[in-house]
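Welcome! Take a moment to look over the sequence and the fold, and then let us walk through a few residues together.

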Amino acid sequence: MENDEYYIGEFKKGKKNGIGKYMWPDGRIYLGFWDKGKQHGLGKYTDENGNVKFGVWIYGKRNRWLDDEEVNLLMEQNDEYYNKIIEFKENNYVLFGIEK
């Protein structure tokens, strides 16, 4: 799948919805929550150099990055959404390539 763009995760009515992972050809990855086909809610973003940040998205637009203290708090509180991201297993979902 190297150099491919793909999404693997949940769908609703033909759109990305729920939890899912999207990978761009340059290696960037968004793993997090989707609503109506757009990134929405808590997400983990990995840039093309492998740097990881957690953030909050609102219908496809990043609202803000979380700082380390906020991420640690999510871990300590055993946050349901954080845990779903950390425990995401690709083999539980169907892989969809993105047509260009």
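K15 is partly exposed, with a relative accessible area of 46%. Please keep in mind that the model you are looking at is predicted. K15 sits in strand β2, which covers residues 15–23.

Is Y22 buried or exposed? Y22 has a relative accessible area of 10%, and the cut-off for buried is under 20%, so Y22 counts as buried.

## T46 in strand β4

Moving along, you will find T46 in strand β4, which spans residues 38–46. T46 has a relative accessibility of 15% and therefore counts as buried.

Which residues does T46 touch, leaving aside those up to four places away in sequence? The contacts are G27, R28, I29, N51 and V52.

## A glycine with 0% accessibility

G55 belongs to strand β5. With a relative accessibility of 0%, G55 is counted as buried. If we again leave out residues up to four places away in sequence, G55 touches G41, L42 and G43, and also R64, W65 and L66.

## Two loop residues with positive phi

Most residues other than glycine have a negative phi. Y59 is not a glycine, yet its phi is positive, at about 40 degrees. Look for Y59 in the loop that links β5 (52–58) and β6 (61–65). A relative accessible area of 38% makes Y59 partly exposed.

N78 also has a positive phi without being a glycine, and its value is about 55 degrees. Where is N78 found? Its place is the loop between α1 (68–76) and α2 (80–86). N78 has a relative accessible area of 54%, and exposed means over 50%, so N78 is classed as exposed.

How values were computed. Residues are numbered from 1 along each chain as its sequence is written. This is a predicted model: local features need pLDDT of at least 70, side-chain atom pairs count only at pLDDT 80 or more; totals for chains, interfaces and linings use all residues. Side-chain values use heavy atoms; hydrogens and water are left out. Helices (H or I, at least four residues) and strands (E, at least two) are DSSP runs, numbered from the N terminus. Buried means under 20% relative accessible area, exposed over 50%, partly exposed in between (1.4 Å probe, protein chains only). Contact means heavy atoms within 4.5 Å.
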